[in-house]
Number of protein chains: 2
Amino acid sequence: MATLKSLYETNTEVGNALHTNFDVDYVIDYRFATTSMSILAHFQAIPDHPAGVPQAEAQFVKLIEALNDVGLSTEVRNGDNCAVLIFVKVASDRHLRAEVYRSRVQDWLYGVRTVAPEKEMQKNLEDEPVTEAERLRLVYLLITKPKNEGGAGITPKSGEWKGVESIFPLHDHIFNKAWIKDLTSKYFLNEKDLTAVRNRFGEKVAFYFAFMQSYFLFLIFPAGFGFCCWVLLRPFSAFYAIINGLWCVVFVEYWKKQETDLAVQWGVRGVSRIQHKRPAFKHERIVKDPITGEDLKIYSPLKRLGSLIALCFAIEVFISEVYNGPFKTYLVFLPTVILTTVMPTLSTLLTGAAARLTDLENYETTDSMVSKIFILNFITSYLPIFLTAFIYVPFAQIIVPHLDVLQLTVQPFAENEKQIETPKAGFQINPHRLKQQIIYFTVTAQIVNFALENVVPYVQRRVFRKVKEVQSNIAEKRGGGTTTPDDHPEEHAFLVRVRNEAELSSYNVTTDFREMIVQFGYLSLFSVIWPFTPVSFLLNNWVELRGDAFKIALQTQRPVPWRADSIGPWLDALSFLSWMGSITSAALVYLFSGNGLGPEGTPWNIKVWGLLLTIFFSEHIHLGVQLAVRKALSKIDSPGLQKERAERFAVRKLYLEEAQGQDAAEQAAAGGIVAGEKISRSTLEEEARQSTLRGHGTPEERFWQRQQGQAEAIAIGKEYIAKAAPKPTNETKKEL
Amino acid sequence: MATLKSLYETNTEVGNALHTNFDVDYVIDYRFATTSMSILAHFQAIPDHPAGVPQAEAQFVKLIEALNDVGLSTEVRNGDNCAVLIFVKVASDRHLRAEVYRSRVQDWLYGVRTVAPEKEMQKNLEDEPVTEAERLRLVYLLITKPKNEGGAGITPKSGEWKGVESIFPLHDHIFNKAWIKDLTSKYFLNEKDLTAVRNRFGEKVAFYFAFMQSYFLFLIFPAGFGFCCWVLLRPFSAFYAIINGLWCVVFVEYWKKQETDLAVQWGVRGVSRIQHKRPAFKHERIVKDPITGEDLKIYSPLKRLGSLIALCFAIEVFISEVYNGPFKTYLVFLPTVILTTVMPTLSTLLTGAAARLTDLENYETTDSMVSKIFILNFITSYLPIFLTAFIYVPFAQIIVPHLDVLQLTVQPFAENEKQIETPKAGFQINPHRLKQQIIYFTVTAQIVNFALENVVPYVQRRVFRKVKEVQSNIAEKRGGGTTTPDDHPEEHAFLVRVRNEAELSSYNVTTDFREMIVQFGYLSLFSVIWPFTPVSFLLNNWVELRGDAFKIALQTQRPVPWRADSIGPWLDALSFLSWMGSITSAALVYLFSGNGLGPEGTPWNIKVWGLLLTIFFSEHIHLGVQLAVRKALSKIDSPGLQKERAERFAVRKLYLEEAQGQDAAEQAAAGGIVAGEKISRSTLEEEARQSTLRGHGTPEERFWQRQQGQAEAIAIGKEYIAKAAPKPTNETKKEL
């Protein structure tokens, strides 16, 4: 928390710059010369100028004009690294209000809103004040939308706008400070907190926090239960597996419901449907980008990843089982170290590559990338454990002898023959390996990951800043143009802050989601190995949530507040992991429950049909339970859906009232068919007589006139009944 | 077709009665004395009179008054069997029109219609004429709805209306005749045919015909493919199983889509949602009925069914494997005869019991009963084959010796010792048993079923009518009240027809659905045993569809035209059967593919793990394919959904136009954010100057006024760029 303090209190240089954003909506970081952000480039301090100053200037003029054309005010200030900062805000309040109203009406047209906006714009804006997220989203769209859709058509880092390094809103540091202080002082987020996040950072980020919150709350149960199992039961307990599987199902189904409910409450249900309806926009961009080429880049690290896992695996098996040389105690940890340090980095890199691709494509096609990210992470995160559990341990006897080859390589290091002798008979594999591995992945990796996410970027930035200072000093010594910009004293502190924010990387909520989903996977797939897992996750997630908030507030640029009506494809990933869990947990319990060494104490001697039968039952029970839970939850009416129904009904009723007057609407809404007009006997009889006057009419008319009205029908009916009734005794006859 | 001919042409007694319904909407068959319809009761001819004539009369008066109170005209005529027939129609056309309009508005309020009805009633009714189904549905609701919802509250056969035997609309014989003639003359139904069914019999029945049509069309492929496999490949071909499984998945997913599309086209999407929203009505009725008591009645035949199957099974095994006595050739067919004749009857009985329960509960709770019916039918239809395939054949060696007990019972019939000797060694089970069984179920049972459905009721009715004649003759001979009613000559033929229709049973579409779903189950689960199955089904279904139409037109009362937006829970049954199919087909192929006797020719020697692994893969491939097919189909936009979206959008746009004038709506609908107001540079500059006049203002104001308008921003930005740009050569400097 040193950074927080330094930023908010002791950093006098920044001063009161944190208390105002000068009404700036967005800052556009325009680089007129391409410099890479690497340390090397900083030291070189020779910007690359391929296009030349004139082109850069012409593009800059075009940029300013495009912004002004869509009704945005601009102010230009000096930036760092051969950049100018263009400050953007909506020129007139009236213009903004019109944009907001238009967007709301459009939402209603596409069915996102159930309630039509008030017909008078002014009244609507008073009833529903514009949130910061709404304003920022609309301004961003105004900047980035294609010209034919009414935007300025500025697409950062692509096409003619390659010079536009980033477009970002400024942090609201007063809010951020209060927010983080608030988060660190409480255990659970309430609805108000989520609404605050939503109003500042948009629904997409708010959904992440809502998910974290639900997940955290739900984790309390398995944490408590897992702790008990860890203390009381042997590992690989079937009891734990069943309860844990059940919990996974309930959690996933609960979240599905909760997600819909939140989307309704936030008025964004169906937003994803709208955003997918811009095929023209999407197609234009897909053709532009060499997607197939980029795809190859993803699969080449994947291959390397495979070899890495195989290598670590081989090293691990060799060191722990075959090698008996010096430093064995320490060397055993070598593959773990490799995996836990290299894997998160690789994962991050892969996700980065995927994310970059997504940025290039379009923000609307994120979904397909998320699926790719999930598959990649599934492999990197779970494959090592899969290998250990289902290949190494059961088939060790077959595998280990083949590792003899490795012996030759270590022979020089061995002190004597005995140390490298392959233990042919009485060979015992390490039954605790699996547990060790899961501990690394669920504890060590989490800590490493946290450090990578929060500490490394901070250190990196510090180094960069130092480098920059040195660099500017060198430049000054060399003479020539001063790189210290001539800021107005009133703005200096503010501009320093903005320049720092411009250097930050942008926040990607997908990365955070990935982390949580992968974590859920460990819980669902493997926590039966070590029931303490959920306890570790509970603790981690408390920190994680605050860490993420801290990251958003201080480590990254403020995110553009996108809307979303769901956590998207991660939901499918959750369901899939929960399903897979029913298979792996059953398999693990069957394989290892007998003293940690298979049903008969020898895991390589297990009955395959027994294993398969266990999996078969477990999986189908899982599916059955899932169906039951889903049905049960669907019976519970959620407040959000109730609200939506009521609103939709009210809107239609209002429409009817306006069209037909109060009465008709009331009647129709009453839900029943009301006898609208009173058909009295007299009118009927009158009608009949009218027809008689006109002659005898058709056979149909004659049929309906035989009994004039109800009274005659009753009389004749009674007669029929009396006649047809049996007369067994005289009493009934008399009654007639 | 004898009945058809007799009804339409030669029956002079009925005469032109078939050409008019005398504008009757509904006929209420009111029994003032309880007579059972059994033959015995007819011969006894002494009606049971527990309540007495006065009560019957009072209730009759109440009935007529209730009908008249909700605006219905009534005419009373004599009926058969101590009944009066009450003819009902809507008293005034205006009243009907109001009802129709009100119902349409209500549909819109609850979201069933996307297009709001025209605001002027008259214009709406001209634009969308009232179909017969719509009128009949509304009149039925008027008769049966509770009084607090504006109906007459008449509930047939329940509560105070126990005397109301049935409420049924009259057949439109002219349409029926043309319809059946049309059906028998063509192979496929087209959209027009389905719309005709929908307009006459309502969406619920129309969905059945639509399903039949889709199913029939889809069957052509497996029929052709199955025929080829039957000719070319050995039975239990894995190739056939895979293609068949794929076909099942595609069909089920296609139908899901098709169903939604039809619902939209027919304007009934979401109807089921509305109908479920009457909890009060439902609860009231559930409490009244002794459901738990009735449930027991269902499970007792279930037990008997179980014993029946076990018995048949034992007889079959014994006769074919152990018994060598006389008549063996004929006796082998005994269990088949028992099963094929008794099973459909039992199924019908069970379905009847379930249906009766449903009627008592409420028509809205049909769904839960359908699930029960499905489970019952699953057991009765598939259990015998399951037993043969997975118990009898693989475990015959273990089972057969235990049948020694049976030997003792047949010893007297045996001609010599040799005939009943248990074949201990060299015992060979009959590998064709499974095929024989599937042939019985898919061919014989279909024919028996058709006879039960169409021939038996016809014969039954003929017998009843004969009995009635004899009975009335006896009554006349005995003297006393004549049972021949004194009909008006003009109406006599019509009334005879109505009395006949009153005797018919009511049509239940669930029964027909059940039959088709069970058939689909044979195809999905077991057709790998005998690939000729789909050919038989294709032929059967051509007849079946016409038979069902014939049944609706002549064998049953005209159904009340209910609405529906789906085939309901049968859809889940289809998915389930398709899924199960992936398991059973894989198992059958694995067990029997090797020469029909297991992978190594000996089915009782199979590897359990191999079987389980086959099932595991088959099932998961099935699920994967299902997901893929679903995704692929969801990409295809269906005309119905397109129509719905367009309509919804148009409605909202219209609303906006009315509220805001043409322009704003156009802009909002354009989908883009348009620069609504032109913010010219001059206005901006003016604004800035205004603020300057007012003094220097806040720091924010000062920040935004440093550059007055676009021109200044551009100039200053250019300056920054020039200054910060490196000056490696003099040329660039000069340009500035």
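**Exercise 1.** Does Glu253(A) count as buried or exposed, and how many C-beta neighbours does it have inside 10 Å?

*Solution.* The model is predicted: local features need pLDDT of at least 70, side-chain atom pairs count only at pLDDT 80 or more, and totals for chains, interfaces and linings use all residues. Residues are numbered from 1 along each chain as its sequence is written, while chains are lettered from A and ligands numbered from 1 in the order in which they are written.

Step 1. Glu253(A) is located in helix H9 (residues 238-265) of chain A; helices (H or I, at least four residues) are DSSP runs numbered from the N terminus, as are strands (E, at least two).

Step 2. Glu253(A) has 23 C-beta neighbours inside 10 Å and therefore counts as buried. The cut-offs are 20 or more other C-beta atoms within 10 Å for buried, 12 or fewer for exposed, and partly exposed in between, with C-beta atoms placed from the backbone.

Step 3. Neighbours within four places in sequence aside, Glu253(A) is in contact (C-beta atoms, placed from the backbone, within 7 Å) with Gln626(A), Val629(A), Arg630(A) and Leu633(A). Glu253(A) and Leu633(A) are 380 residues apart in sequence, yet their C-alpha atoms are 7.7 Å apart in space.

**Exercise 2.** Determine the orientation of H4(B) relative to H6(B).

*Solution.* Step 1. The axes of helix H4 (residues 93-109) and helix H6 (residues 132-144) of chain B come within 10 Å and cross at roughly 95°.

Step 1. This angle makes H4(B) roughly perpendicular to H6(B).

Step 2. H4(B) contributes Leu96(B), Glu99(B), Val100(B) and Ser103(B) to the contact, and H6(B) contributes Glu134(B), Arg135(B) and Leu138(B).

Technical notes: Contact = placed C-beta atoms within 7 Å. Axes fitted to C-alpha atoms, helices over the stretch in contact; angles between N-to-C directions. Parallel < 35°, antiparallel > 145°, perpendicular 65-115°, else oblique.
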